[in-house]
Amino acid sequence: MDNTEAAKQINLHGNLITASNDENLTNIFHQIRTSKSPAVINFGASWCRVCAEILPSFNQLSNKFPKLSFVYADIDECPETTQHIRYTPTFHFYRDGERVDAMFGAGQERMN
C-alpha cells in the first residue's frame, strides 16, 4: 500500500471518494451537479510529491467537514476527464452543482 492509499483510508464519514477511472469520475461530476451538495475535487497524480504530501490534510478536512463531498482524482487514472488539468495538485470547489472556485498548487500552509 503506497502513501496515497494509506492517507485515503482514514476517512471517518465516507465523504472522501476516489475516482478510479474516467467513467467513475464522469458519474461523480453528474452526482455533484444533480445533488447540488458542496464538493471539493482534488486532482493529483501518484508521481506528484506535493500531492502525496497534502493528501493527509485533504483527508483531515474531509473528517472535519462531513457535509462536504471530497473527491480525489488521479489524472493518470482518469486521463480523458482530466485532460484540462495543467497543474497538480488542482482543486475545484463546487456549490449548488456549479464550480465556484479553483486553486492551483498547494503546500501544507494553503490547506489550513
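Helices (H or I, at least four residues) and strands (E, at least two) are taken here as DSSP runs, numbered from the N terminus. The model is a predicted one, in which local features need pLDDT of at least 70, side-chain atom pairs count only at pLDDT 80 or more, and totals for chains, interfaces and linings use all residues. Residues are numbered from 1 along each chain as its sequence is written, and side-chain values use heavy atoms, leaving out hydrogens and water.

**The sheet**

Let us start with the strands. Two strands pair if DSSP finds at least two bridges between them. Five strands make up an open sheet with mixed pairing, in the order β1-β3-β2-β4-β5. β1 (16-19) and β5 each have a single partner strand and stand at the edges, so one side of each is left without a neighbour in the sheet. On average, neighbouring strands of this sheet are turned by 20° against each other, direction ignored; axes are lines fitted to C-alpha atoms, for helices over the stretch in contact, and angles run from 0 to 180 degrees between N-to-C directions. β2 and β4 run antiparallel and are joined by five bridges. Asn42, for instance, has Phe91 of β4 as its bridge partner.

**The helix on the sheet**

Helix α3 packs on this sheet, touching β1, β2, β3 and β4, and its direction makes about 160° with that of β3. Contact means heavy atoms within 4.5 Å. The 16 residues of α3 (residues 49-64) reach 24 Å from the first C-alpha to the last, close to the 22 Å expected at 1.5 Å a residue; that expected span is 1.5 Å times one less than the number of residues. At Leu55, α3 bends by about 35°, and a proline, Pro56, follows within four residues. The bend is the angle between axes fitted to the seven residues ending at a residue and the seven starting there. Leu55 is also among the buried residues of α3, as are Ile54 and Phe58; buried means under 20% relative accessible area, exposed over 50% and partly exposed in between (1.4 Å probe, protein chains only).

**Backbone details in the loops**

Lys36 lies in the loop between α2 (22-35) and β2 (39-44), while Asp96 is in the loop between β4 and β5 (98-104). A cis peptide bond leads from Thr88 to Pro89, with omega near -5°. Pro89 sits in the loop between β3 (69-74) and β4 (90-95).
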